[in-house]
Amino acid sequence: MKRTMMSLIGAGVALAAVTGVAAVAAPGGTEGGAPQGASRMPVQRSALLCPAPTSSEVGDTTYTAFAPKGTAGADTAKGTAELLPAGTVKDSGGTGKDGKDDKGGTVEGPQTVAPHDHKPVAPLKAAGTPVTATTSSSDAPALVGTADGASAPGWSVQQTTSVAAGAGRGLFGLSCVAPDTTFWFPGVNTGKDRQDYVHLTNPDSTQAVVDLELRGKDGRLAAGSGEDIAVPPHTTVPVLLSTLVSSPGSADTDAALHVTAREGRIGASVQATDAETGGDWLPAAADPAPGAVLPGIPADATSVRLTAVAPGDDADLKVQLATPTGLITPSGLQTLHVKGGMTTTVDLKDITQGEAGSLVLTPADSGSKAPVAAALRVLRGKGGHQEMAFIPSTRPVEERATAADNRAKGSTLSLVAPEKGKDAKVTVTASAGSGGGSAASKTYTVKGGTTLAVEPPRPQGLKGSYALTVEPADGSGPVYAARTLAQPQGGIPAFTVQTLPDDRGSVVVPTAGQDLSLLTD
């Protein structure tokens with residue numbers, strides 16, 4: 001029996017290091033460090049998925065790929081990292097699993113369109129220096145990428161698209177996502193003024209089967225074709241969320257989307273466009289938990305709207321804003337009640353009042369364990385010159401986080417230490433530029449209960465774009481981060497916000513030969 005346990009542990013060590021998506025911790029251990037009887041290892045292989053960027057004829061997209069240099073314990077052999085075009089399923093929805101109808105007959109289903117070419121996009125040449133690629137094509141495909149060796153730990157890809165005109169004009173930014181089996185998207189919209197598409201991308205050689213469930217203020221919305229969505233191998237499927245509700249009258253202006261892969265794994269991201277307020281990508285929120293931190297609300301935000309979903313039991317949350325000087329309670333919103341299985345939306349208006357901030361949600365009852373996921377829709381500008389972006393709840397930075405695409409102007413880094421009395425100390429490093437320049441770094445201390453918004457360091461002699469890495473010091477209090485990229489378009493304050501969760505460049509694994517019983521209650 002003990003030999004079996006030891007074999008399982010050995011397999012777990014190898015699997016965790018290769019996939020980079022699993023960690024094993026002893027009871028009472030913390031995510032940020034290695035618990036007793038375990039150690040941290042750099043991942044040996046990473047996977048990322050980038051959705052199709054835009055269908056606009058006036059859109060320009062930049063991909064920026066980056067891997068931090070000198071990850072401790074990483075394979076010193078030269079690594080590889082590249083993205084390859086994926087196929088696209090056109091006119092998806094309603095065909096059912098395997099293209100069969102309810103009686104087993106063949107259905108005239110959507111067609112899979114193969115990519116025009118198979119050239120790698122933004123192949124990484126070396127860790128420590130970002131690589132960029134651009135496209136202005138309105139039918140640019142989704143991308144499926146892998147990294148191994150020295151390029152795998154912390155490999156990040158940023159997809160940034162500028163759309164000059166039309167519905168959804170503005171700046172769309174997204175950190176390409178790792179494949180998984182479940183995603184939560186609070187803040188989606190099925191109303192007539194919004195077009196929200198969820199992009200489902202399958203990185204593997206076998207078909208994935210996905211269920212989509214929408215939840216609104218009264219619970220689950222009537223579903224049309226949200227079950228048994230087939231996603232072929234190495235292919236992306238876009239689904240318009242308003243087609244999932246049974247009738248226009250049932251459309252909620254604010255809802256939450258739950259994406260579940262019942263077979264295989266996928267990457268999922270939501271692209272939201274609005275005729276009045278532009279558009280941006282809505283990334284998945286952190287996994288539902290009893291509390292949530294949403295960092296990086298710009299100082300000049302003119303409207304902030306919170307959507308929270310409680311997947312299980314009712315949740316009562318204390319709502320606070322972490323300002324540059326401390327935690328405050330928004331006027332008239334000491335607590336927020338979210339019914340189990342439903343969403344709650346609150347208009348926070350211009351909550352920041354000219355100072356950068358971060359929203360902190362904690363259980364109103366310290367003993368509550370009801371999980372929630374949340375996201376903010378943020379507007380900048382006024383009248384016909386407004387632009388929207390999204391800030392989902394995110395994970396803390398435990399070892400390191402990365403923002404791959406930063407420019408000479410327009411980047412703001414927000415750091416929040418949400419717990420009063422627990423200061424955070426972090427080192428922020430600007431990489432070499434994609435076209436030249438040398439790395440630079442700076443250390444910041446964030447007082448517990450506050451948000452620090454700074455213009456990050458820039459490489460000396462910068463040419464091109466550069467990456468930022470955020471690394472907490474040993475013994476630092478919890479810290480969360482977000483990067484805002486502002487690139488004005490005429491009178492439009494175009495911007496996008498990316499949260500910076502831990503890059504999971506390393507995983508906690510048990511020591512080889514350790515008894516599994518030491519890791520269980």
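Which residues point one way from β39 and which the other way?

**Figure 1. Strand β39 in the predicted model, with its two sets of side chains.** Ser506, Val508 and Pro510 point one way from β39, whereas Val507 and Val509 point the other way. All of these residues are buried. In a regular strand the side chains alternate between the two faces of the sheet. Strand β39 spans residues 506-510, and because 5 of its 5 residues are buried, the strand is largely enclosed by the rest of the structure.

**Figure 2. Pairing of β1 with β39.** Strand β1, residues 38-42, runs antiparallel to β39 and is joined to that strand by 5 bridges. Within this pairing, Met41 stands opposite Val507 of β39. Val507 belongs to the pair of residues, with Val509, that point away from β39 on the side opposite to Ser506, Val508 and Pro510.

**Figure 3. Overview of the chain in the predicted model.** The chain contains 1 helix and 39 strands. Of its 521 residues, 52% are buried. Among contacts with a separation of 6 or more, 81% are between residues 24 or more positions apart. The chain exposes about 21800 Å², and carbon and sulfur atoms supply 50% of that area. A search of the whole structure finds 15 salt bridges.

**Figure 4. The open sheet β7-β3-β9-β10.** Four strands make up this open sheet, in the order β7-β3-β9-β10, and their pairing is antiparallel. From one strand to the next, the twist averages 15 degrees. Strand β3, residues 59-66, pairs with β7 in the antiparallel sense over 5 bridges. Thr64 has Thr132 of β7 as its bridge partner.

**Figure 5. The open sheet β29-β36-β31-β33.** This open sheet has 4 strands in the order β29-β36-β31-β33, again with antiparallel pairing. Its edge strands are β29 (401-406) and β33 (440-446), each of which pairs on one side only. The twist from one strand to the next averages 20 degrees. Strand β31, residues 424-430, runs antiparallel to β33, and 7 bridges join the two strands. Opposite Val426 stands Tyr444 of β33.

**Figure 6. Salt bridge between Arg458 and Glu455.** The closest N and O atoms of Arg458 and Glu455 are 2.4 Å apart in this salt bridge. Arg458 counts as partly exposed, at 37% relative accessibility. Glu455 has a relative accessible area of 55% and is exposed, because the cut-off for that class is over 50%.

**Figure 7. A salt-bridge network that includes Arg220.** Salt bridges that share partners join Glu213, Arg215, Arg220 and Glu227 into one network. The side chain of Arg220 meets that of Glu213 in a salt bridge with an N to O distance of 3.7 Å. Arg220 also forms a salt bridge with Glu227, in which the closest N and O atoms are 3.4 Å apart. Arg220 is partly exposed, with a relative accessible area of 49%, and Glu227 is likewise partly exposed, with a relative accessible area of 49%. Glu213, by contrast, counts as buried at 18% relative accessibility, because buried means under 20%.

Figure 8. The mean pLDDT of the chain is 86, and 83% of the residues reach 70 or more. Over residues 92-109 the pLDDT stays under 50, and the model has 25 contacts beyond four places in sequence for this stretch. The pLDDT is also below 50 over residues 516-521, a stretch with 14 contacts in the model beyond near neighbours in sequence. Where pLDDT is low, the predicted coordinates should not be read in detail.

Note on methods. Residues are numbered from 1 along each chain as its sequence is written. This is a predicted model: local features need pLDDT of at least 70, side-chain atom pairs count only at pLDDT 80 or more; totals for chains, interfaces and linings use all residues. Side-chain values use heavy atoms; hydrogens and water are left out. pLDDT is the predictor's confidence in each residue, from 0 to 100. Contact means heavy atoms within 4.5 Å. Two strands pair if DSSP finds at least two bridges between them. Axes are lines fitted to C-alpha atoms, for helices over the stretch in contact, and angles run from 0 to 180 degrees between N-to-C directions. Buried means under 20% relative accessible area, exposed over 50%, partly exposed in between (1.4 Å probe, protein chains only). Accessible areas come from the Shrake-Rupley method with a 1.4 Å probe; for residues, only the protein chains shown count as cover. A salt bridge is a side-chain nitrogen of Lys or Arg within 4 Å of a carboxyl oxygen of Asp or Glu.
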